[in-house]
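Dear colleague,

Please find below the structure that I am handing over to you. I would be grateful if you could read it alongside the notes that come after it.

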Amino acid sequence: MEVVLLPTPEDCGRVVADAVAGSVLAALAGGGPVVLGLATGSSPLLAYRELLRRHREEGLSFTGVQAFLLDEYVGLPAGHPESYREVIRRELTDALGLDPAVVHGPDGSAADPLAAARDYERRLLAAGPVAVQVLGIGANGHLGFNEPGSSLASRTRVKTLTEQTRRDNARFFGGDVDAVPRHVLTQGLGTILGAEHLVLVATGEGKAAAVAAAVEGPLTASCPASVLQLHPHATVVVDEAAGSGLARAAHYRYVLGHKLADQGW
Ligand code: F6R
């Protein structure tokens, strides 16, 4: 795992954008259809803004790219402004020129959410592998909506959010915790591990304990993001505040300062 410790959230956004653009360009050069894995929430927003800037000003093209979301709330009607498919269209994919038909998410409005989970897993496996998966991390170490205790081998399924996560996400629902759905559809940890490159971004002190547990703690379902330790190509991009709990911070800075010219992300 490569830990990239940077001064500011803006620096993190640039590095995540570099990693995403690099993986997308490499996969497009390989000729195949390219699958981009997207997270929602606050953490990736600066990276998405930077990708949009490069698309607008530097001609970074996403033609031929399909996007797959990590997760979705159960029970919000299709088109609800806080459903993750709407959020990602608003924040990123419309402005990148991606047709909504190539932006996929689990169907949280389905009458049978269990079947919708199985269907999403099938569609993702058929389209994949995901070239690069953008990830955030919950303050409790969740990855996607795999809350603590989730199987490290899990596939896409229905999960129940912890009350902490519902409180954390109430800010997107006008501060009303009761408006945050209890259930979600989420890629499993095993599903997420199928991506070729995992890029996790975290900023702010509120994420420091979770980042330290994920990166330097034991591999455990109690910290779902620790599953990154099993992946051969995982990049963790954090600002000083989110990295403030890392015991090996000096080593990560040393490694970053001595990267080989062609090493990339
Ligand atoms: C969102 C997701 C979640 C978030 C996490 C952090 O698609 O999968 O795991 O990444 O809850 O959320 P923010 O970035 O809003 O702090």
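This is a predicted model: local features need pLDDT of at least 70, side-chain atom pairs count only at pLDDT 80 or more; totals for chains, interfaces and linings use all residues.

Residues are numbered from 1 along each chain as its sequence is written, and side-chain values use heavy atoms, with hydrogens and water left out.

**The ligand site**

There are 15 residues around the ligand, a residue being counted if one of its heavy atoms lies within 4 Å of it. Ser43, Asp71, His142, Gly144 and Lys207 come nearest. By type, this shell comprises four nonpolar, eight polar and three charged residues; Asp, Glu, Lys and Arg count as charged, and Gly is among the polar ones.

In the side chain of Ser43, an N or O atom is 2.5 Å from a ligand oxygen. A polar backbone atom of Ser42 is 2.8 Å from an oxygen atom of the ligand, and for a backbone N or O atom of Gly144 the distance to a ligand oxygen is 2.6 Å. Of the 400 Å² of accessible area that the ligand has on its own, the protein covers 93% (Shrake-Rupley method, 1.4 Å probe).

**The cysteines**

The model has zero disulfides, a disulfide being a pair of cysteine sulfur atoms within 2.5 Å. Cys12 is buried at 0% relative accessibility, and Cys223 is buried with a relative accessible area of 7%; buried means under 20% relative accessible area (1.4 Å probe, protein chains only).

Yours sincerely

Notes: A polar contact is a pair of N or O atoms within 3.5 Å; within protein, one must be able to donate a hydrogen and the other to accept it, and residues adjacent in sequence count only if both atoms are side-chain atoms. Buried means under 20% relative accessible area, exposed over 50%, partly exposed in between (1.4 Å probe, protein chains only).
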